[in-house]
Amino acid sequence: MERGISLEKAISIVQLEKKTLSPELIHLDNAYGRILANPLNSKVNDPRFDNSAMDGWAVRKEDCSEGNETILQIVGISQAGKSESIRVGPGEACKIMTGAPIPIGADAIVMIEDSRPDNENVIILGPARRTYIRKKGENISQDEQVLSKGHYMDAASISLAATMGHESIEVFCKPVVGIISTGNELVMPGSEIKESQIYESNSFGIAALVEGIGGKPIRYETVTDSVEELRNSLDRATENCDLIITSGGVSMGDFDIVRKLMELEGEVAFWRIKMRPGGPPLFGKWKKTPIFGLPGNPVSSHLVFSMLVFPWFTASFGTHKNSKLTLGKKVRVKMLNDVKGAPGKLCLRRIKITNDTEGLIATTHTHQGSGNIHSMVAHNGFTLLPPDTDANIGDIIDAFWSN
Ligand code: AMP
Ligand code: MG
């Protein structure tokens, strides 16, 4: 077991335990946020045929002399969705709508605004442009591989898949993630609460994080600080889940049972990373299933998820560095408050990032304690201060800007 390792080293260990996910065929209606399990080729050319980018007149460019009015005889109307072929000969024009096929013989479009009708004729007042014709296949050719395996299906990608003629697509099955909170002090929100108790919150937030990045969360019942209860819950989860995430019980306390049980009966790859908050996470395997033991402090569990659990998902999905599957992005910000770093550790102070005329600026607003989940809502990012480094007002530093 490794102890007190850098975040980078921890990520590389976690990614070795990625899950091989099987593909499933889903309808485009359900494709939002899913990851392609196979490349997607186009069934058609895009555009499918030469068509007009404007409402106007399909003409022969040579008939129209720029700067002078030209009178052309109207020979028909080309409408989107109609396939009858119209022919434009010398001295002729065909009225045309956006998206309608270009009549045979025409090679340019005049915008409707640049014309005046005159009985059977049209008087052309402005330029005839070839660039107003959208050429067959200029965006995508038939059979071209357009989206690659590992592609994140955002709204535009879903439109693109439909444009290419796909009603359904093969995506990776959602990894099933079991979430188990531990702690004698925890009661469910909505229940009666005693003086020494707190509402259990981590499992809800972690489930939302899992869902947001394309996993299927299962929240198991909270377990008390009992090794037997935890063992039973882990055994149940390992039967149904691709990944287990526990919360709490991984520090040095007498009742930190996740660490104790994992050391005695599980396989621990590492415990503790050089990061604050979020120092004590544990990673390993329970039976066949990879398991993250996240710290109980709510801020810590969220931040460890962002920094360490998320890379397990990207490795399993095979998404690339610039994928739109993100929890945010690394940016440079100018600090408008002093923030303290941490000795020997990467330090993640919550900051509010705003776009100023000079660039991105960052401010702090609430108590920074790792128990204060409100700090994650009042702010929209966190610092990535290297070990032993404070930031002073005016310093430009690395930060993570959450989605
Ligand atoms: P632990 O890591 O178990 O020592 O817990 C650290 C702190 O986080 C303690 O103050 C706990 O009460 C709190 N905590 C642990 N689990 C949760 C949870 N599921 N929801 C909210 N707070 C928690
Ligand atoms: Mg605890």
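Q: What in the side chain of Ser181 is 3.2 Å from ligand 1, and which kind of ligand atom is involved?
A: An N or O atom of the Ser181 side chain sits 3.2 Å from a nitrogen atom of ligand 1. Keep in mind that this is a predicted model.

Q: OK. Which ligand atom does the backbone of Ser201 face?
A: A nitrogen atom of ligand 1, with a backbone N or O atom of Ser201 at 3.0 Å.

Q: And Gly249, what does its backbone face?
A: An oxygen atom of ligand 1. The distance from a backbone N or O atom of Gly249 is 2.9 Å.

Q: How much of the ligand's area does the protein cover?
A: On its own, ligand 1 has 490 Å² of accessible area, and the protein covers 77% of that.

Q: How many residues are around ligand 1, and which come nearest?
A: There are 16 around ligand 1. The nearest are Glu185, Glu200, Ser201, Gly249 and Gly296.

Q: How does that shell divide into nonpolar, polar and charged?
A: Nine of the shell residues are polar, four are nonpolar and three are charged.

Q: Switching to the fold. How many helices and strands does the protein have?
A: Seven helices and 28 strands.

Q: Is the protein compact or spread out, going by the radius of gyration?
A: More spread out than a compact globule, because its radius of gyration is 30 Å, well over the 22 Å that the globule rule gives for 403 residues. Along the principal axes, the C-alpha atoms fill a box of roughly 95 × 50 × 40 Å.

Q: How do strand 18 and strand 22 run, and how many bridges join them?
A: They run parallel, and four bridges join them. Strand 18 covers residues 243-247, and strand 22 covers residues 289-294.

Q: What about the barrel, which strands close it?
A: Five strands, in the order 23-26-25-27-28, again with mixed pairing. From one strand to the next, the twist averages 50 degrees.

Q: In which sense do strand 23 and strand 26 pair?
A: The parallel sense, over two bridges. Strand 23 is residues 328-335 and strand 26 is residues 359-363. Lys334 stands opposite Ile361 in strand 26.

Q: Backbone check next. Which residues does the cis bond to Pro47 join, and what is omega?
A: The cis bond runs from Asp46 to Pro47, with omega near -10 degrees. Pro47 lies in the loop between strand 3 (40-41) and strand 4 (51-52).

Q: And Pro277, which residue does its cis peptide bond join it to?
A: Arg276, with omega at about -10 degrees. Pro277 is in the loop between strand 20 (275-276) and strand 21 (282-286).

Q: Last one. What is the phi of Asp143, positive or negative?
A: Positive, about 75 degrees, although Asp143 is not a glycine. Most residues other than glycine have a negative phi.

Q: Where is Asp143?
A: In the loop between strand 11 (133-134) and strand 12 (145-147).

How values were computed:
Residues are numbered from 1 along each chain as its sequence is written. Chains are lettered from A and ligands numbered from 1 in the order in which they are written. This is a predicted model: local features need pLDDT of at least 70, side-chain atom pairs count only at pLDDT 80 or more; totals for chains, interfaces and linings use all residues. Side-chain values use heavy atoms; hydrogens and water are left out. A residue is near a molecule or strand if one of its heavy atoms lies within 4 Å of it. A polar contact is a pair of N or O atoms within 3.5 Å; within protein, one must be able to donate a hydrogen and the other to accept it, and residues adjacent in sequence count only if both atoms are side-chain atoms. Accessible areas come from the Shrake-Rupley method with a 1.4 Å probe; for residues, only the protein chains shown count as cover. Ala, Val, Leu, Ile, Met, Phe, Trp, Tyr, Cys and Pro count as nonpolar, Asp, Glu, Lys and Arg as charged, and the others, Gly among them, as polar. Two strands pair if DSSP finds at least two bridges between them. Axes are lines fitted to C-alpha atoms, for helices over the stretch in contact, and angles run from 0 to 180 degrees between N-to-C directions. The radius of gyration is taken over C-alpha atoms; the globule rule is 2.2 Å times the number of residues to the power 0.38.
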